[in-house]
Amino acid sequence: MTGSALRVTLADAIVWAVETLRDASETPRLDAEVLLAHTLGWSRARVLSRLEEPFTDESLHQFRTLILRRAAREPVAYLVGRKEFYGLEFVVDRRVLVPRPETETLVDAALEWAKHRPAPLVIADIGTGSGCIAVALAVHLPQAHIYAIDLSRDALAVARQNVIRHHVDASVTLLNGDLLAPLPQPVDLLVSNPPYTVLDEVDPGVRMHEPHLALDGGSDGLAVYRRLFAAAPSALRPGGALMLEIGATQARAVVDLARQAFPEAVIRVRQDLAGRDRVVICFSD
């Protein structure tokens, strides 16, 4: 983008941004509009209604910087510092995985199960990251107590911001440690979106910018599942449930692990809105 900033309109800036992002993003126009709105402190609707307005020098520089970072495949959520999940806005940065809409399938499954259980429930979210699952459950299950566990202290610092932001600090306890090890008591429900990717197969932008600790599932993507299933039976109360997000091709392998750990359990696979296998559910006896 060249020329005097006073002659560069918002429309001009979007055209330049879309072209710059064409090879780096599947949604270049949306990314451009979101980043422009963030730069100006406006809503997207206001941006789109005032496209012929000129940029100031300072705003133009800030926008250009954000677009070039996005062109280097940095997630939009990191650039704006927030991401919506389950109708709630979460603080996110490079210390945590960006919440994905498909993970809402796990929250749906947990809330449906909880409807038929007597309160108060005790729940554990293993590998909580930003805290999006734990916070969403706490908001919708105000009588539950939730342990949100992560190996990364940096991730827990972000989760703490989100717990406070959504006023659920009385019902969510953040714990640092490896998988189920920090749990102080058995729980009614274990939920987790564990690392399940093979790093060499991950999208380059994700691999470059998002934390490997939250992504790396080992050589076959199942390393953390094996460890979770080994520890889960002793961590669940009688009649409890385990719900794990999975990759779209992992259902058979994760169901096999579940059957080994819970031979008498009812095991189901739930699909996300795109029709892909997304959550393995294990109802213990």
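Here is a friendly note on a predicted model, point by point.

1. Before the details, some ground rules: residues are numbered from 1 along each chain as its sequence is written. Local features need pLDDT of at least 70, side-chain atom pairs count only at pLDDT 80 or more, totals for chains, interfaces and linings use all residues, and side-chain values use heavy atoms, with hydrogens and water left out.

2. Start with the sheet. Seven strands form an open sheet in the order β5-β4-β3-β6-β7-β9-β8, and the pairing is mixed. Its edges are β5 (172-176) and β8 (266-271), each of which pairs on one side only. From one strand to the next, the twist averages 15°. Here helices (H or I, at least four residues) and strands (E, at least two) are DSSP runs numbered from the N terminus, and two strands pair if DSSP finds at least two bridges between them. As background, strands of a sheet pair through backbone hydrogen bonds, either parallel or antiparallel.

3. Strand β4 (residues 145-150) and β5 run parallel and are joined by five bridges. Ile146 stands opposite Val172 in β5. Helix α8 (residues 153-165) packs on the sheet here, touching β4 and β5, and its direction makes about 170° with that of β5. Contact means heavy atoms within 4.5 Å; axes are lines fitted to C-alpha atoms, for helices over the stretch in contact, and angles run from 0 to 180 degrees between N-to-C directions.

4. Helix α6 (residues 104-114) deserves a point of its own. This helix lies across β6 (187-192), β7 (236-245), β8 and β9 (277-283), running at about 160° to β7. Buried means under 20% relative accessible area, exposed over 50%, and partly exposed in between (1.4 Å probe, protein chains only). Among the buried residues are Leu106, Leu111 and Trp113. The buried residues of α6 pack against β1 (82-85), α7 (132-140), β6, β7, β8 and β9.
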